[in-house]
Amino acid sequence: MAILLSDNETKVDLLNSEAFATTIVKLIREKPDSPVTIGVHGDWGAGKSSVLEMIEANFVEEKRVVCIKFNGWRFQGFEDAKIALLENIVTELVEKRSLLTKASEQVKDIFKRIDWLKVAKKAGGLAFTAFTGIPSGDLINTITSGLSKIAQDPAKLATKENLAEIASQAGSLLKEKGDSKNIPKEISEFREEFDKLLMLADVDQLVVLVDDLDRCLPETAIETLEAIRLFIFTNKTAFVVAADENMIEYAVRRHFPDLPEGSSYQAYTRNYLEKLIQVPFRIPILGEFETRIYVTLLLVGSAVGDDLEGFNKLIQVARDLLKKPWEKKALDASAVNKALGTDAGISGTALLISDQIAPILARGTKGNPRQIKRFLNTLMLRQLMAEARGFGSDINLPALAKLMIAERFMPNLFDQLAAATATSANGSCPELKYIEDIDDFVGEPTTDANKKTRKKTKEAENDEESAQAMPESSMLNGWMSSADILQWAKLKPKLSSLDLRPYLFIAKDRKDYFITSGGLGHLTTTIEKLFGAKLMVTSMSADLKLLTNEEALIVFEAVKSRILSNGDFSKQPAGVEGLTVLVKSHPELQSNVLDFLDALPLANVGTWVTTGWETSLVDQVHKQRFTELLEKWSKTDANKFVSTAAKAVLRIKK
């Protein structure tokens, strides 16, 4: 497991996405003479680019089909995306069908029309956009006819030099064409010329794959879609557009800011893509079963190589299982060993890790393949770092995976574990034993750990003395009341008996968890004072401003860790007042304190979280985020007191 996973699009299908690609190819081939626009939708990292790669691979042997890929993100910032798409399509068509020799005049003419559109775009972008896009209501009532009229308005141009240059280009183009053109007529003639070019190319179909629109800036995304609209009614063309619908809706809102607010506005932004896409496909999220198989394939493939014959056999076994995921037939050790043969040595670790983390990883990542890959890459990178620094033998990979699940999806739990471990003499967290030994619960958990009816493992049943010694701890009560934390605690292996300090040390890319147990030097006194009385804390403002940004962050993390390790949030903990004064003195910590508030266990927190932060949050963006927190708290069913308090604060704000 020393090889990191590539995050690029791939033709190696580990997700059974080939079914989508095959279906889309079949649809494209069904009516080659008719234009069609197909959407491949899904969240960022869902595998849209890989589906396009598989579609392209299906057309490699098709001699009478020209398949072209266009990535708008690569052209962003260099030139107009609309023109870039037009030029890219025509250029690749010319090159792939050797049209420069047998259709040189036709090629020359269509490039002249593209040059004319470039000039029109520079001189009158609003008119061009209005014709090729979907303008709102009375955004534009007339389309400018002729570049001479456009050029008469210098306000549309950055400088007089630009005006002269564009007027010169326009005059040359119009003179060469022999008549005056307007935008609608020129675009119509461009379509006719393109139809002729397709006929001369002697192809049955032109397939254009458009990728990464959801990575583009709004204007680039809209321009690319507008260019696609030019071809919608062109025979023998098929466009496959990969994009996250939410990002396109956002781009439409940015592109047409003057649309009236309300339900009609929402419908407009939502319908923009629907009017362009005739056939939408959405890539579904991975469920727990699919995630388990995906993780197993990734881990095994990273170790043995994805070009190994045995691994390809394993992929086929996985595909057969994924055909009917509801049957939940596992990719177990026997299947892995049979496929890999003598190369199956890695399968034990891969299966163990996939079995233990797949349920929470599927839910935490919402079945997103890219996020799953990123998690596994971080896991393997940390193992490599531990080995390089000489304490690799102190790191158990399944234990590291379990801790990283908490770090990634339950940051409050992880911070509490880190605070307890960093101050422990042996690096353990005794409270973990009480939640890791619980086998199951009867009924819904409550906030009072001592009132739970629970079934224990045989070990816990035989250790009544240990069970009776369960400490009174608000932190433990909070853990016991969280179904997510209890599910996490069931993951193997158990961590309560381990020295967790090596694991925390290797997680220092996030922050240094050991500042609470030493090495604070002259900052120790400052930290202690921030836990003092309100009057003393308030008087520290001038001294806190003398701290460097790095020192202020260290102090903030130390105070926060001590607050979290206390675990009692029903009343305002000592140190909270210190945080507000520190953040007021160092505004760069505003996002840190909001992260702290957002991570608190809402079911066990007091109403103090809703007030007292106004003087510390000075930037509008952070004020807005706090308002969003208040709105979230006002709707919670987990804590009626906080909900009522948040609603009251929101009313005052309005």
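Is Glu288 buried, exposed or partly exposed? Glu288 is partly exposed, at a relative accessible area of 41%. On that scale, buried means under 20% relative accessible area, exposed means over 50%, and partly exposed is in between, using a 1.4 Å probe and protein chains only.

Before I go on, a word on what we're looking at. This is a predicted model, where local features need pLDDT of at least 70 and side-chain atom pairs count only at pLDDT 80 or more, while totals for chains, interfaces and linings use all residues. Residues are numbered from 1 along each chain as its sequence is written, and side-chain values use heavy atoms, with hydrogens and water left out.

Okay, the overview. The protein chain has 33 helices and seven strands; those are DSSP runs, H or I of at least four residues for helices and E of at least two for strands, numbered from the N terminus. There are 654 residues, and 51% of them count as buried. A contact here means heavy atoms within 4.5 Å. Take the contacts between residues at least 6 apart in sequence, and 78% of them join residues at least 24 apart. The accessible surface is about 31100 Å², with 51% of it belonging to carbon and sulfur atoms; that comes from the Shrake-Rupley method with a 1.4 Å probe, and for residues only the protein chains shown count as cover.

Now, charges. Side chains of opposite charge can pair when their charged atoms come close. The cut-off for a salt bridge is a side-chain nitrogen of Lys or Arg within 4 Å of a carboxyl oxygen of Asp or Glu, and the whole structure has 20 of them.

Back to Glu288, then. Its side chain meets that of Arg292 in a salt bridge, 3.6 Å from N to O. Both residues sit in helix α13, residues 288-304, and because they are four residues apart there, about one helical turn separates them.

Next, Lys402 and Glu436, a salt bridge with the closest N and O atoms 2.9 Å apart. Lys402 is in helix α18 (residues 397-409) and Glu436 is in helix α20 (residues 431-436), so this pair ties together parts that are 34 residues apart in sequence. Buried or exposed? Lys402 is buried, with a relative accessible area of 0%, and Glu436 is buried too, at 4%.

Then there's Asp598 with Lys632, where the closest N and O atoms of the salt bridge are 2.5 Å apart. This one links distant parts of the chain, 34 residues apart: Asp598 in helix α31 (residues 590-599) and Lys632 in helix α32 (residues 620-634). Here Asp598 is partly exposed at 34%, and Lys632 is partly exposed at 43%. And for a network of salt bridges, look at Asp43, Glu245 and Arg282.

Let's move to helix α15, residues 333-340. Ala335, Val336, Ala339 and Leu340 are buried in it. They cover an arc of only 115° around the axis, so they lie on the same side of α15; the arc is taken from the directions from the helix axis to the C-beta atoms. After α15 comes Gly341, with a positive phi near 65°.

Last stop, Asn639. Where does Asn639 lie? In the loop between α32 and α33 (640-653), and Asn639 is buried, at 7%. Its side chain reaches the backbone oxygen of Leu602 at 3.0 Å, and a polar atom of that side chain lies 2.8 Å from the backbone oxygen of Val605.

Terms used. A polar contact is a pair of N or O atoms within 3.5 Å; within protein, one must be able to donate a hydrogen and the other to accept it, and residues adjacent in sequence count only if both atoms are side-chain atoms.
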